[in-house]
Amino acid sequence: MSARTLPLLFLNLGGEMLYILDQRLRAQSIPGEKARKDEWTDVDRKRVMNDIITTMFNKKFMEELFKPQELYSKKALRTVYDRLAHASIMRLNQASMDKLYDLMTMAFKYQVLLCPRPKDILLVTFNHLDAIKDFISNSPGILNQVDETFRQLIETYSCLSAGEFQLIRQTLLIFFQDMHIRVSIFLKDKVQNSNGRFVLPISGPVPWGTEVPGLIRVFNHNGDEVKRTEFTTDGNYVTPQREGSFDLYGDRVLKLGTNMYSVSRPVETHMSGSSKNLASHAKENTVPNPLAKEEMNFLARLLGGLEVKTPGGSETGFRLNLFTTDEEEEHAALTRPEELSYKVINIEATQEPGRRAELSRILGELEVAEPRPASSGKGEDLLALMDGL
């Protein structure tokens, strides 16, 4: 397991979340002069995107994220996105949040599977961040936050070897290996089977720095080529014209990680039979994390200067439906396996010492899905930091 995987997982899933929310908010937006008080406008959409991106790229949050650490449990990571999605006036019910997370995870899983070489996962991340910068192009302050994360990525990952990137890729695939949720976009494009497993192409560009298959060369002990043998392949391979840019600005060449929702089309998710069986037999490990209270004391110091956002005045938040109709959303909520539901625990973080002690008490009582040994890092730090943003 790589201790450098978490930032890439979080940023890419977050990028997919923003793609989906932007597409749904645009689909449900009403022109400002015609909209009722409870209807979305383009101003509301921009506000939601700005608020979520501001929270997502908070400086303290990013500092904690980039510390070398093991991946968090699926349940803990899902809870982070629950809180991130509700960092603005938007509200999602359980069924829509489930659908949103399904789309995020399956999209990024497919991108990881298709990466020509492990290092290209970094280009996928840069594609997501490039698109996020387009969302907030008119907000210089937020744009600076994203650029700072860009620089952290370049500083952290530009020096890693090919072997370290391969370990990162393996860590991501282990995280996704039991997720086989069918997505209509992938089903219609025939890149996903009815059981939720992806169909990988046998043609296309080969990884940068490699040659097209079809030639065997034999060398002697002096390193001189003595024989060539050609063979035919089933795939139609091509050599990439250039390598994607790993700089702050540049042509990434690779298209994985770009916004596949930019062309409007309906998106549905379905649980495959194997996934339902897996969910029905899954048992959560409910052993409390023995380090939780110590971790919370550390976080209390980090959270001292952060403000807690609450809706101002009588503002209660707008509801966003990721389904076509309310009836579909209600049906999904009723048929969703109970094991896949996640309870969101809201913890208020303030500067008051009494509040800090309460934070420690609450986190100390939390049940952690997959506790890790002491050497693996602070498993709930991102969750606690999210409460304070």
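Helix α4 is largely enclosed by the rest of the structure, because 10 of its 12 residues are buried. The model shown here is a predicted one. The buried residues of α4 are Ala 76, Leu 77, Arg 78, Thr 79, Val 80, Tyr 81, Asp 82, Arg 83, Leu 84 and Ala 85.

How far apart are the end C-alpha atoms of α4? They lie 17 Å from each other, which agrees with the 16 Å that its 12 residues should span at 1.5 Å a residue.

Is Gln 69 buried or exposed? Its relative accessible area is 4%, under the 20% cut-off, so Gln 69 counts as buried. The side chain of Gln 69 has polar partners, and the table lists two of them.

| Atoms on the Gln 69 side | Partner | Distance |
|---|---|---|
| Side chain of Gln 69 | Side chain of Tyr 72 | 2.7 Å |

Finally, here is the chain as a whole. It holds 14 helices and 8 strands. Of its 389 residues, 48% count as buried. The accessible surface of the chain is about 19,600 Å², and carbon and sulfur atoms account for 51% of that area. What share of contacts between residues at least 6 apart in sequence join residues at least 24 apart? In this chain the share is 79%.

Methods. Residues numbered from 1 in each chain as written. Predicted model: local features only at pLDDT ≥ 70, side-chain atom pairs only at ≥ 80, totals over all residues. Heavy atoms only, no water. Buried < 20%, exposed > 50% of the residue type's maximum accessible area, 1.4 Å probe, protein only. Polar contact = N/O pair within 3.5 Å; in protein donor to acceptor, adjacent residues only side chain to side chain. Helix = DSSP H or I, 4+ residues; strand = E, 2+ residues; numbered from the N terminus. Expected span 1.5 Å × (residues − 1). Contact = heavy atoms within 4.5 Å. Areas by Shrake-Rupley, 256 points an atom, 1.4 Å probe, with all protein chains shown as cover.
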